[in-house]
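I opened a new structure today.

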Amino acid sequence: MAYLYNNRRTVRNIVFCAGAALLLLLGSFTPAGRADYKIRKIVIDAGHGGKDSGALGSVSKEKDVALAVALELGALIKKNLPEVEVIYTRKDDTFIPLENRAAIANKAGADVFISIHLNSAANPEAIGTETFIMGLHVNEQNLSVAKRENSVILLEENYEEKYEGFDPKSPESYIMFSLMQNAYLQNSLQLAENIDHQFTKRVGRPSRGVKQAGFLVLWQTTMPSVLVELGFISNKTEEKYLNDELGRTYIASGLYRAFRDYKDELEAMN
């Protein structure tokens, strides 16, 4: 369900309760307890692309900014963490169906999945980053964000068959997300909190918090996953920042440090 998680203790309590039954069945699902566990693969997903422009600003498109940040994030990881293999869902202006994005990560056996997006709102004053992990919805605002991002499947042929009848416009369709990915919630939350911390404390960006919402691209991945909304392209001030080379570098650097710290934290559990 979609909650605004500004209180981190509340977040953890909700996550632990939601996933407790499944985790008991799965046991120690995470390999972080293994003595030899290392994070070796990350999939970076630049949202939208090709015929799917994503949200539109006054001078830019979501797909272009997301790709620029994704490539810069990948370059930072390659430079500073050479032991980590970086895999992109797209490196250019190509349309990639949502199911293919998740399939790329699953097939690669990735340890982390980060999907990069930009937000949009009817209110031109809306501002701030948002970091999402998988979940259901009770909050209408979070549901509207998920509906917008999920609606890309309408551009795909036979989407009802490929996504088992899922209708991105129907709140009822999100019921299927109830227990999916509970096994990854704790680690996904840890990474999301790291990202939110970097954005607010180091990059100096306004934050709307860490939230849960039912994104198809997160539901279909089989590893800790987050979806990051870098800011509102519908806000002229944020759009200018997101299209500024230095602004994008700060954002990519924040994402890099969040991933680096997450990697160090999990590997230190060995």
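I began with a rule: a charge sits over a ring if NZ of Lys or CZ of Arg is within 6 Å of the ring centre and within 35 degrees of the ring normal. The model I searched is a predicted one.

**Entry on rings.** I found R205 over the face of Y241, at 4.0 Å from the ring centre. I also found K51 over the face of F95, with 4.8 Å to the ring centre. Then I looked for aromatic pairs, and the count was zero.

**Entry on α2 and α9.** I turned to helix α2, residues 62–80, and helix α9, residues 245–267. Their axes come within 9 Å and cross at roughly 50°. That angle makes α2 oblique to α9. I noted the crossing as right-handed. Which residues of α2 meet α9? I listed V65, A68, V69, E72, L73, L76, I77 and N80. On the α9 side they meet R248, T249, I251, A252, S253, L255, Y256 and F259. I sorted the residues of this contact into eleven nonpolar, three polar and two charged.

**Entry on α6 and α9.** Next I took helix α6, residues 185–203, which packs with α9 at an angle of about 140°. I put their axes 8 Å apart. That makes α6 oblique to α9. The crossing of α6 and α9 is right-handed. Among the α6 residues in the contact I wrote down L191, I195 and F199. From α9 I noted several partners, including Y250, G254 and Y262. The residues of this contact divide into eleven nonpolar, five polar and four charged.

Terms used
Residues numbered from 1 in each chain as written. Predicted model: local features only at pLDDT ≥ 70, side-chain atom pairs only at ≥ 80, totals over all residues. Heavy atoms only, no water. Phe/Tyr/Trp six-rings, centres within 6.5 Å; stacked < 30°, edge-to-face > 60°. Axes fitted to C-alpha atoms, helices over the stretch in contact; angles between N-to-C directions. Helix = DSSP H or I, 4+ residues; strand = E, 2+ residues; numbered from the N terminus. Parallel < 35°, antiparallel > 145°, perpendicular 65-115°, else oblique. Left-handed = near helix turned anticlockwise from the far one by under 90°. Contact = heavy atoms within 4.5 Å. Nonpolar A, V, L, I, M, F, W, Y, C, P; charged D, E, K, R; others polar.
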